[in-house]
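User: I am new to this structure and would like a close look at a single residue and its surroundings. Could you walk me through one, starting with the idea I need to follow along?

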Amino acid sequence: MKKGKRTFGKVLMGLMIIFFYLPIVYMIIFSFNEGKSLTNFTGFSLRWYLHMLESRDMMEALYTTFSVALLATFISTVVGTIAAIGLSKSKKIVRDVMEQVNNLPLMNPEIVTAIGFMLLFITFKVEKGYVTMLLAHIAFCIPYVMLSVMPKIRSLDPNLANAAMDLGATPWQALTKVIVPQITPGIVSGALIAFTMSVDDFIISYFVTGSGVKNLSIMVYTMSKRVNPSINAISTLVVLIITLVLVLINVAPMLLAKRAKKSEISKRRIFVPAAAAAAVVVLILCIVKMSGTSSGLPYEGETLYVYNWGEYTGENLIPDFEAATGATVVMENFDSNEQMYIKVANGEAYDILVPSDYMIQRMIDEDLLQKLDYSRLDCMENLTESVIGLPYDPGNEYSVPYFWGNVGIVYDKTKVSQKDLEQEGFRVFLDEKYKGDIYLYDSERDSFMMALKSLGYSMNTENEEEIQQAYEWLIQCVETMEPEIVTDEIIDNMAQGRKALGLIYSGDATYIMSENENMGFYLPNEGTNLWSDAMVIPANAKNPELAHAFINFVSSYEGAYDNSSYVGYTSANQEVMEDLSGEGGEYEGINAYLPRTDNDKDEVFVYNEDTRKLISNLWSKVKIAASNAK
Amino acid sequence: MKRFSQLAIPYIVWAALMLILPMALIALYSVTEHGNSIVSFSLTLDHYVKFFTDPDFLLILWRSLVIAVKTTIICLLLGYPVAYFIARSSERLQSILVLCITLPTWINMLVRTYAWIGLLSEGGLIQQILGFFGFKEVELLYTEGAVLLGMVYNFLPFMILQINTSLCKMDHSLLEAAADLGANPLQTFRRVTLPLSLPGVINGITLVFLPAVSSFFIPKLLGGGQYFLIGNVIENQFITVGEWNFGSAISMIMAVIMMLMMMAVRKVEIRNQGGKEE
């Protein structure tokens with residue numbers, strides 16, 4: 001009987017260990033995969049580690065994570081311990097109130113705390129970035145430290161300090177020589193909790209960060225949409241660091257104790273390994289934070305803040321620009337125009353943004369952009385005519401086009417018949433034949449565009465009745481078709497042929513078709529969105545001069561070629577577009593690469609505040625309905 | 001002595017600024033209109049009305065609570081026996097096992113969640129194993145099951161560690177005493193072990209339930225873009241819709257619900273302790 005129980009326990013324990021470690025081991029194995037797949041191991045290689053080491057983004061995220069964690073741990077441990085000692089001698093009412101206050105970050109859902117910090121920083125116009133992240137981390141770490149120090153203080157004899165002072169100790173001596181040594185275990189475990197909390201944090205960091213400062217969590221969150229084994233590599237590195245630190249902290253004391261039998265070691269028991277662990281982390285940070293220097297370049301030491309779409313720049317664009325100018329580029333990514341707008345409208349400063357047409361119009365209307373200085377620009381004649389002088393900025397006073405294209409349907413030629421597409425157009429997304437086999441794109445504008453076009457209306461309609469019908473169209477789609485609503489995840493998934501159909505930007509379709517020849521791209525005759533994304537300089541830019549240099553560089557043949565060939569989106573540079581789509585070009589024969597410009601029903605988005613609000617609210621309701629329909 | 005109490009003053013100021021003020025701001029935003037500036041000041045309860053009159057929002061809230069409850073129950077059912085097993089092992093094994101459970105919690109949560117994507121995706125290891133047992137083509141990633149799995153995976157260690165701590169604190173002579181007095185193992189467990197481990201269980205429930213309700217990256221990474229929980233709704237309001245006032249109102253609602261639940265849980269704990277003293 002008893003034996004049976006033990007076996008049960010052992011089996012359960014074994015399963016538990018497998019459960020906890022399987023994903024971690026899997027991740028470590030695939031960080032050495034030669035191929036890009038997360039499911040097929042094709043051979044051993046270190047390429048993702050090289051990729052990781054070369055990616056400044058990743059290295060900086062690593063640096064931010066651990067430097068914030070160490071600083072926050074140190075500060076919150078010191079402050080928390082002092083505050084706890086102080087409070088223990090305060091009046092009971094003060095103590096009780098503060099206990100409740102400290103409970104706020106512990107007992108509130110993290111997202112509420114995060115939003116509180118964000119509103120605080122925005123209300124008091126504190127520029128979001130490294131400092132705000134650090135402040136927030138300190139703020140939520142201190143309560144944990146106090147929580148683990150308090151019980152130790154309570155168990156002390158309250159007369160201890162008095163006794164020490166009666167014997168001639170100054171208050172400072174009483175504190176450092178008598179009280180602190182007694183509560184050391186509490187302080188150390190508080191510090192450990194603070195460190196874990198800080199390294200682990202995502203939600204709070206995500207809401208309080210800015211100016212391109214990312215920690216590891218934020219980086220994984222923003223990069224997780226595309227298959228990127230470098231994430232596995234950097235994760236493996238983190239596992240390694242953490243394991244090393246933990247083992248040092250846990251194993252070292254045992255060894256020390258063994259060597260020198262209990263005696264005087266006990267006090268240093270934890271400090272020595274903790275210090276050693278901190279040293280390891282600092283060492284790693286030093287390796288990570290390598291900074292190259294060069295000289296004699298025009299923008300040496302200056303920084304350019306770029307806010308762009310995710311996966312929207314060529315592999316060498318930024319390094320090349322930095323090498324040419326000496327400037328440092330800090331790039332932050334967004335996945336929707338709306339997300340970008342909210343940050344900019346709330347005063348975050350960037351030098352370059354890459355919004356879409358209608359959003360540019362909105363930002364011009366709201367005086368968020370500054371006029372371009374044409375004396376600094378030498379790139380306008382490189383651009384293709386189709387993207388110049390569009391209604392959102394007729395004289396191109398504010399914007400220089402970056403990429404352009406259509407929105408269409410990517411489909412698996414082996415699963416979807418051309419006839420269905422031709423007959424149904426966007427209504428193919430309501431065709432139950434393809435139920436459970438479709439992707440929608442998480443963009444309020446383009447989803448409503450699809451529905452409106454399918455119903456035969458203009459995508460710029462201001463008629464609420466028509467918008468309501470489009471809403472019902474979308475509701476029908478999410479309730480009957482079991483779509484997955486995605487953003488960039490669609491790219492790798494369609495390239496692997498996971499679904500039959502998807503609503504997609506032409507540039508993503510180009511990439512998919514170049515990866516998988518079974519994929520096709522179809523533009524419905526009922527018309528679609530002819531969009532363009534363009535570079536603009538916000539009114540509050542700190543370095544407009546460098547921003548102009550960046551615009552020139554991106555629009556030049558080399559910059560534009562690198563961008564377009566790597567990302568797959570159609571370049572605004574005429575020559576690049578011709579070379580890539582022409583004979584021998586990388587995208588020869590791929591219809592998605594050349595946008596359709598000859599259909600009268602294709603439109604360009606126009607901004608209208610009222611319809612935007614309506615559509616934005618309706619789209620979040622469509623998503624909620626999709627979620628509830630599951 | 002008085003002088004020591006002054007040590008707390010800087011922190012009281014800090015806490016007022018960094019802990020109380022943010023909550024006050026959320027409350028303020030939630031009852032004002034279009035509050036990206038505090039200049040236009042008019043009180044309104046519209047945001048709360050909007051939330052409570054829309055069945056979709058209520059359904060999302062309900063689903064978030066349900067999945068959090070499911071997560072908590074699974075964690076409890078899995079966590080208790082594991083914690084029990086650890087507490088009954090030899091001291092040496094105990095510290096090793098505790099380390100084994102702790103280690104994953106030290107590794108960034110996003111990283112751990114991301115690791116599941118490869119395992120669960122089409123053609124991944126789990127699907128192959130299921131395929132081997134005859135379950136063909138089961139969709140794993142981007143389902144509610146995946147979200148539940150992700151939550152259990154992330155939060156289970158908290159449950160185990162909390163219960164384990166309270167089991168280890170327990171005086172073993174109590175068990176012997178119970179046995180000596182003729183209780184069978186089941187009775188001993190029900191009458192002695194379980195009540196004594198209750199504080200750990202309650203702490204564990206708090207530590208699992210709280211993050212599970214408000215999590216938004218687990219549903220986003222493992223549930224896909226169309227899988228919304230209340231955390232995602234709040235994120236969406238702040239990051240893409242830009243209706244901060246409405247977002248603040250939902251945050252307040254969440255905070256209040258959580259507070260009520262925590263109070264209820266604490267009450268159970270207090271009553272239990274009261275019962276013991278009788």
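Analyst: Happy to! A residue is called buried if 20 or more other C-beta atoms lie within 10 Å of its own. Please keep in mind that this is a predicted model.

Let us take Gln162(B), which sits in helix 8 (residues 144-169) of chain B. Is Gln162(B) buried or exposed? Gln162(B) counts as buried because it has 23 C-beta neighbours inside 10 Å.

Which residues does it touch? Setting aside neighbours within four places in sequence, Gln162(B) is in contact with Gly200(B), Asn203(B), Gly204(B) and Leu207(B). Take Gly204(B) from that list: 42 residues along the chain separate it from Gln162(B), yet 5.4 Å separates their C-alpha atoms.

Now let us step back to the whole of chain B. Its 278 residues include 46% that count as buried. The chain has 13 helices and zero strands. Among its contacts between residues at least 6 apart in sequence, 73% join residues at least 24 apart. Along the principal axes, the C-alpha atoms of chain B fill a box of roughly 75 × 70 × 35 Å.

Chain B also has a partner: 78 of its residues are in contact with 79 residues of chain A. On the chain A side, helix 1 (residues 2-31) gives the most, with eleven residues. That side of chain A is made up of 47 nonpolar, 22 polar and ten charged residues.

Technical notes:
Residues are numbered from 1 along each chain as its sequence is written. Chains are lettered from A and ligands numbered from 1 in the order in which they are written. This is a predicted model: local features need pLDDT of at least 70, side-chain atom pairs count only at pLDDT 80 or more; totals for chains, interfaces and linings use all residues. Two residues are in contact if their C-beta atoms, placed from the backbone, lie within 7 Å. Helices (H or I, at least four residues) and strands (E, at least two) are DSSP runs, numbered from the N terminus. Ala, Val, Leu, Ile, Met, Phe, Trp, Tyr, Cys and Pro count as nonpolar, Asp, Glu, Lys and Arg as charged, and the others, Gly among them, as polar. A residue is buried if 20 or more other C-beta atoms lie within 10 Å of its own, exposed if 12 or fewer, and partly exposed in between; C-beta atoms are placed from the backbone.
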